[in-house]
Amino acid sequence: MALLDFAALVLAQALIFGEVYERLQLASAWQAGAFLTPYILTNILFLYAVGCFRQDTLINPIGSMSRVPVALIFTGGLLFFYLHYGLAAVYSNAAVFRSISACAIIVLTTTGISFGAASASRMLFYFMIRRHWFRRRILVIGTGQRGAYLQSLMNQATHKAVSNLMFVPQSVLGIADSISSPAETVSSTAIIAVGNKSIEELAEELGVDEIVVAVDERRGLSIKRLLACKAAGIPVTEFATFIERETGRVDLRWLELSWLVYSHGFQRRALDIAIKRVFDITLSLFILAVTCPVLLAAMLAVYIESGAPIFYRQERVTSFGRAFRLIKLRSMRQDAEKAGAQWASVNDSRVTKVGAFLRKSRIDEIPQLFNVILGDMSLVGPRPERPVFTAQLSKAISLYDLRHSVRAGLTGWAQINYPYGASVEDSRKKLEYDLYYIKNYSIIRDALILLQTLRVVIWNTGAR
């Protein structure tokens with residue numbers, strides 16, 4: 001979808017501006033290109049930020065298209081400032097960039113072209129989806145509990161359009177099939193008749209794109225047959241790795257510690273840590289400078305409604321179990337925890353009227369940027385939890401303490417993929433996303449998470 005959007009935007013903008021740039025009082029096609037190139041790239045970034053390329057968004061054509069105007073509004077606003085203040089300085093003789101009305105016309109023209117291009121690319125995308133152009137044929141070895149879990153997972157609408165699972169008994173690899181109850185086995189309609197064929201013959205006959213080993217019992221597993229398939233160019237993927245890739249989380253239900261130890265990931269070099277720290281400080285200072293007027297107005301609103309204190313300091317846990325004092329704008333009554341620590345609930349009566357707005361808009365979390373600058377937190381990482389809850393969750397959830405191997409974050413992979421958590425089960429699910437983030441850390445992933453945080457803020461996902 002991103003590639004289609006990029007191609008459509010480049011083609012549409014180039015064709016139309018190639019014809020009308022003189023009417024817009026642009027001196028040359030080079031001047032048009034000077035703003036179109038960064039505009040198109042910024043447009044793609046904002047389309048990503050509002051979730052236009054997420055699988056759960058793309059399965060809904062109306063939902064996918066409704067997000068496009070939001071991205072175009074943000075991009076159009078930046079384009080106007082870029083034209084009127086940036087290019088006006090570069091092309092000092094170009095009167096068009098000094099004129100507010102001319103810049104507005106260019107922005108409206110560009111935005112209209114972009115909307116048409118994005119609509120056309122989505123029509124083409126859904127045409128290809130309906131004809132299964134992107135569907136992968138996946139051969140799953142195993143019809144027991146793991147196979148049944150894969151079937152339930154891939155039957156969800158978010159995966160049905162892109163994957164076609166075909167199941168074969170694990171006996172095809174020379175091991176006896178596990179005995180499971182009917183509720184824990186793959187439905188017979190999805191099982192392929194094997195006969196006397198080998199796994200190599202089946203893969204070739206079915207034209208599979210990937211083989212997933214989802215056996216419940218590994219004793220007697222014929223590695224040579226899988227190696228023959230891999231040597232023939234067919235990727236062979238282990239069950240846990242496949243789940244991690246498809247869901248973006250480390251599934252604790254099926255987790256084997258040996259897989260977590262030997263699989264790729266958990267690599268944090270000194271250079272990565274240094275780059276992340278510089279990234280955190282630089283961006284935090286920039287965001288504070290930009291949001292300073294908003295923060296001051298919010299502080300005044302809190303004081304007018306419920307007086308001092310304006311800020312709320314609460315002990316939280318960060319890397320290596322170290323406690324620190326997290327700073328937030330106070331959004332609850334001053335006696336909110338007279339009965340002790342408790343999770344926030346839906347329509348929590350302790351939240352003030354101003355606080356409700358601050359929490360939904362995430363403005364109450366702006367002061368946490370000071371925690372980032374001080375080194376207690378990072379911009380991206382697992383959300384910091386209170387010590388009392390950390391102690392409870394560490395006892396209830398296996399591997400919970402692993403989330404403290406990195407600094408806590410202002411936002412995170414769990415925050416953009418899972419709603420607000422206020423129970424042990426919610427914490428377990430969020431831990432699966434946190435483990436995926438820690439295991440697959442990269443500075444690029446941090447940047448992408450920050451971009452998608454915009455979607456969470458705009459559509460008010462997970463606030464209480």
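A residue is called buried when its relative accessible area is under 20%, exposed when over 50%, and partly exposed in between, using a 1.4 Å probe and protein chains only. Glutamate 205, with a relative accessible area of 52%, is therefore exposed. The structure is a predicted model, in which local features need pLDDT of at least 70 and side-chain atom pairs count only at pLDDT 80 or more, while totals for chains, interfaces and linings use all residues. Residues are numbered from 1 along each chain as its sequence is written, and side-chain values use heavy atoms, with hydrogens and water left out.

**Salt bridges**

- A salt bridge is a side-chain nitrogen of Lys or Arg within 4 Å of a carboxyl oxygen of Asp or Glu; the count by this rule is 20.
- Glutamate 205 pairs in this way with lysine 197, their closest N and O atoms being 3.8 Å apart. Lysine 197 is partly exposed, at 33% relative accessible area.
- Arginine 245 and glutamate 210 form a salt bridge with an N to O distance of 2.9 Å. Arginine 245 belongs to helix 11 (residues 239–247) and glutamate 210 to strand 3, so the pair ties together parts 35 residues apart in sequence. Helices (H or I, at least four residues) and strands (E, at least two) are DSSP runs, numbered from the N terminus.
- Glutamate 210 is buried at 6% relative accessible area, whereas arginine 245 is partly exposed at 42%.
- Aspartate 216 is partly exposed at 21% relative accessibility, and arginine 146 is buried at 15%.

**Nonpolar cores**

- A nonpolar core is a set of buried Ala, Val, Leu, Ile, Met, Phe, Trp, Tyr and Cys residues joined through side-chain atoms within 4.5 Å.
- The largest core has 41 residues, of which Phe17, Leu26, Phe35, Leu83 and Phe97 touch the most other members. Helix 1 (2–20), helix 2 (29–49), helix 4 (61–90), helix 5 (95–98) and helix 6 each contribute at least two residues to this core. Helix 6 gives the largest share, 10 residues.
- With neighbours within four places in sequence left aside, phenylalanine 17 is in contact (heavy atoms within 4.5 Å) with residues including Leu24, Phe35 and Ile113.
- Another core, of 40 residues, lies apart from the largest one; Ala298, Ile366, Ile397 and Val406 are among its members.

- Glycine 355 is found in helix 14 (residues 353–361) and is buried, at 1% relative accessible area.
- The C-alpha atoms of glycine 355 and arginine 330 are 7.0 Å apart, although 25 residues separate the two along the chain. Beyond neighbours within four places in sequence, glycine 355 is in contact with Glu305 and Ser331.
- Helix 19 (residues 443–458) has 16 residues and should span 22 Å at 1.5 Å a residue; its end C-alpha atoms are 24 Å apart, which agrees. The expected span is 1.5 Å times one less than the number of residues.
- The buried residues of helix 19 are Asp446, Ile449, Gln452, Thr453, Arg455 and Val456. Just after helix 19, asparagine 460 takes a positive phi of about 55°.
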